[in-house]
Amino acid sequence: MKTSEKILLISLDLFNRQGERNTTSVDIANELDISPGNLYYHYKGKDDIINALVDSYITRINAISKVSDDHEDFYKYLFYCLETMHLFRFLFQNIAEISLQYPSINSKLQRLAKFQRLHLRELLTELQQTGTLTGTSADIDLLLDIISLTLFQSLNYYQMQGDSLTDPDIVYRTLMTIYFSLQPYYHESADTAKIKQAILEKSLIKKT
């Protein structure tokens, strides 16, 4: 692995464990057992490292395959988004503060959030057209707000509750919150029952 890649990997781990604000460039260099000068050769300070991590996060989100109008695939798309957000959770543990401190990062995340919202609108509309989901256009807008708030603020909420953010089950807990938000708009069927059970049993995604 290249030194630049190791720097990002260690930085991500430190930011997730200690918080971005509590981690310095020297901390990262010490963890890697390299000199600060070697670190600065690859990244001109913590700002550059965070920008590179945000770019990596955006690349991963954009790489999630566009799903079909299948109901289960809709939740798989959300699962992979949440899993990626959990991997880069330092960004979302205090997203307001990071957005203010790093304006360039804020603009990148805002563009991505708008893209995700448009994509989710397409998916919800497809579910509506296939008869899986009921509701008006105004209902879809409200559901989009609920889903977006849940996606971007769930880690803040769990942190406030004193839950361990290292627990990967947080992804499924968040997914179930979204499911229950949408449940009143579903036509009850074997399909919806199957998806609910898969989320509860944490078996929606088969790990190999």
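This is a predicted model: local features need pLDDT of at least 70, side-chain atom pairs count only at pLDDT 80 or more; totals for chains, interfaces and linings use all residues.
Colleague: How far apart are Tyr57 and Leu91, in sequence and in space?

Modeller: They're 34 residues apart along the sequence, and their C-alpha atoms are 9.7 Å apart.

Colleague: Let me try a loop. Where is Glu20, and what makes it buried?

Modeller: Glu20 is in the loop between helix H1 (3-18) and H2. Its relative accessible area is 5%, and the label goes to anything under 20%, so Glu20 is buried. Setting aside neighbours within four places in sequence, Glu20 is in contact with Phe15, Lys46, Ile50, Phe90, Ile98, Gln101 and Tyr102.

Colleague: What about Asp33: why is that one called exposed?

Modeller: The cut-off for exposed is over 50%. Asp33 has a relative accessible area of 71%, so Asp33 is exposed. You'll find Asp33 in the loop between helix H2 (25-32) and helix H3 (36-42).

Colleague: What is there to say about the phi of Asp33?

Modeller: Phi of Asp33 is near 60 degrees, a positive value in a residue other than glycine. Lys202 also gets a mention here: Lys202 isn't a glycine, yet its phi is positive, about 55 degrees. Lys202 lies in the segment after helix H11 (190-200).

Colleague: Let's look at two helices, H9 and H10. How do you know that H9 is roughly antiparallel to H10?

Modeller: The axes of H9 (residues 137-160) and H10 (residues 170-182) come within 10 Å and cross at roughly 150 degrees. Angles over 145 count as roughly antiparallel, so H9 is roughly antiparallel to H10. The crossing of H9 and H10 is right-handed.

Colleague: Which residues meet where H9 and H10 come together?

Modeller: From H9 there are Leu143, Ile146, Ile147, Thr150, Leu151, Ser154, Leu155 and Tyr158, and they meet Ile170, Arg173, Thr174, Thr177, Ile178, Ser181 and Leu182 of H10. Sorted by class, the contact of H9 with H10 has nine nonpolar residues, five polar and one charged.

Colleague: What about the loop between them: where is Thr166, and why does it count as exposed?

Modeller: Thr166 sits in the loop between H9 and H10.

Colleague: What separates Thr166 from Lys44?

Modeller: They are 122 residues apart along the chain, with 29 Å between their C-alpha atoms.

Colleague: Next pair, then. Why is H10 called roughly antiparallel to H11?

Modeller: The axes of H10 and H11 come within 9 Å and cross at roughly 155 degrees. That angle is over the 145 mark, so H10 is roughly antiparallel to H11. The crossing of H10 and H11 is left-handed. Tyr172, Leu175, Met176, Tyr179 and Phe180 of H10 make the contact with Thr192, Ile195, Lys196, Ala198, Ile199 and Leu200 of H11. Those residues divide into nine nonpolar, one polar and one charged.

Colleague: Now step back. How many helices and strands does the protein chain have?

Modeller: There are 11 helices and zero strands. The C-alpha trace spans about 60 × 30 × 30 Å along its principal axes.

Colleague: And how many of the 208 residues count as buried?

Modeller: That's 45% of them. As for contacts with a separation of 6 or more, 71% are between residues 24 or more positions apart.

Key: Residues are numbered from 1 along each chain as its sequence is written. Side-chain values use heavy atoms; hydrogens and water are left out. Axes are lines fitted to C-alpha atoms, for helices over the stretch in contact, and angles run from 0 to 180 degrees between N-to-C directions. Helices (H or I, at least four residues) and strands (E, at least two) are DSSP runs, numbered from the N terminus. Angles under 35 degrees count as roughly parallel, over 145 as roughly antiparallel, 65 to 115 as roughly perpendicular and the rest as oblique. A crossing is left-handed if the near helix is turned anticlockwise from the far one by less than a right angle, and right-handed if clockwise. Contact means heavy atoms within 4.5 Å. Ala, Val, Leu, Ile, Met, Phe, Trp, Tyr, Cys and Pro count as nonpolar, Asp, Glu, Lys and Arg as charged, and the others, Gly among them, as polar. Buried means under 20% relative accessible area, exposed over 50%, partly exposed in between (1.4 Å probe, protein chains only).
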